[in-house]
Amino acid sequence: MRLFGIGDTHLPSTRQKDMHRFGWTDHPLPLQRAWDERVRPEDAVIVAGDISWATRTTEVMEDLAWLDARPGRKVLVRGNHDYWWGDSASKLRKLLEPFRTLEGFLHNNAVVLGPWVIAGTRLWTAPEAPPMPGGEMGDEPIDAGYVERETRRLATSLEDARKKEQQSPTPLTRIVAVHFPPVYANERATAFSDPIEAFAPKVCVYGHLHAGGIAAGFTGERAGVRYVLASCDAAGFAPMLLDER
């Protein structure tokens, strides 16, 4: 069984918002071809936020069906553009019920999928972030309130992962999945990187960064954690292999 990650699928929703102006030709067809070729039904895929341009649940159903049709068992993470997500875990669970391969989501919780326990949350732009390109696909401004809230949500998710580890009859491999970068290329510690590195996951996957902003994200190993940037254009429009068991 293999674990993949892909972020920022930016599916069009019923609003039919395309990505051509960002240079993503015929999106999401290249992603669909690569996903269907690379991922097997028994594999797992983390979708690391900015899933759809939908702004409400009535607009997102076709995009959820598109994800459900792709091979693999999926865990979803909320991105800053996922306005359809809402703030109720029970409503989100009901929304996802018809889609059998959308097996979990991170919303103040952790998910056990196969041999992995996956924790995380959306995060936000940390004060340590370097200047990045603006615009619709650029960075969100620093907001101390959002950073504090996401720090609490991350802590809740990590604690739930620890509890699920204790309840598991077999050892689980720790994975963290977020949307915003928890650490940047300048490698300055953030309110997010410290608890993630204390949790000691094998991999931390994130998205959010595009085009000229891709270089701003840290990738590689730090404090024993492998950081992977899996936004669609950074990943070459193909799910990235994170782990194999």
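**Figure 1. Two sides of helix α1 in a predicted model.** On one side of α1, Arg33 and Glu37 are exposed. The model shown in every view is a predicted one. Helix α1 spans residues 29–38, and its buried residues are Leu31, Ala34 and Trp35. These three cover an arc of only 100° around the helix axis, so they lie on the same side of α1. Arg33 and Glu37 are on the other side.

Figure 2. His27 is found in the loop between β1 and α1. Is His27 buried or exposed? Its relative accessibility is 12%, and buried means under 20%, so His27 counts as buried. Leaving aside residues up to four places away in sequence, His27 touches Thr9, His10, Met19, Cys232 and Phe237.

Figure 3. Together with Phe105, Trp84 and Trp85 form one aromatic cluster.

**Figure 4. The pair of Trp124 and Phe180.** A pair of aromatic rings is described by two values, the distance of the centres and the angle of the planes. For Trp124 and Phe180, the centres are 5.0 Å apart and the planes stand at 35°. Why is this pair called tilted? Planes under 30 degrees apart would count as stacked and planes over 60 as edge-to-face, so the 35° of Trp124 and Phe180 makes the pair tilted. The pair links distant parts of the chain, since its two residues are 56 residues apart. Trp124 belongs to the loop between β6 (116–119) and α4 (144–167), whereas Phe180 belongs to the loop between β7 (173–177) and α5 (193–199). Trp124 has a relative accessible area of 6% and is buried. Phe180 is buried too, with a relative accessible area of 0%.

**Figure 5. Charged side chains over aromatic rings.** Two such arrangements are shown here. The charged end of Lys17 sits over the ring of Trp53, at 4.0 Å from the ring centre. Arg149 lies over the face of Tyr146, and here the distance to the ring centre is 4.6 Å.

**Figure 6. Glu221 in strand β9.** Strand β9 covers residues 220–222 and contains Glu221. The relative accessibility of Glu221 is 62%, and exposed means over 50%, so Glu221 counts as exposed. How far apart in space are Glu221 and Trp124, C-alpha to C-alpha? They are 21 Å apart in space and 97 residues apart in sequence.

**Figure 7. The whole protein, as a setting for the close-ups.** The secondary structure comes to five helices and 11 strands. The C-alpha atoms fill a box of roughly 45 × 40 × 35 Å along the principal axes. A compact globule with 245 residues would have a radius of gyration near 18 Å, and the 16 Å of the protein agrees with this. Of the 245 residues, 55% are buried. Among contacts with a separation of 6 or more, 77% join residues 24 or more positions apart. The protein exposes about 10,300 Å², and 50% of this area is supplied by carbon and sulfur atoms.

Terms used. Residues numbered from 1 in each chain as written. Predicted model: local features only at pLDDT ≥ 70, side-chain atom pairs only at ≥ 80, totals over all residues. Heavy atoms only, no water. Phe/Tyr/Trp six-rings, centres within 6.5 Å; stacked < 30°, edge-to-face > 60°. Helix = DSSP H or I, 4+ residues; strand = E, 2+ residues; numbered from the N terminus. Buried < 20%, exposed > 50% of the residue type's maximum accessible area, 1.4 Å probe, protein only. Lys NZ or Arg CZ within 6 Å of the ring centre and 35° of its normal. Arc of directions from axis to C-beta. Rg over C-alpha atoms; globule rule 2.2 N^0.38 Å. Contact = heavy atoms within 4.5 Å. Areas by Shrake-Rupley, 256 points an atom, 1.4 Å probe, with all protein chains shown as cover.
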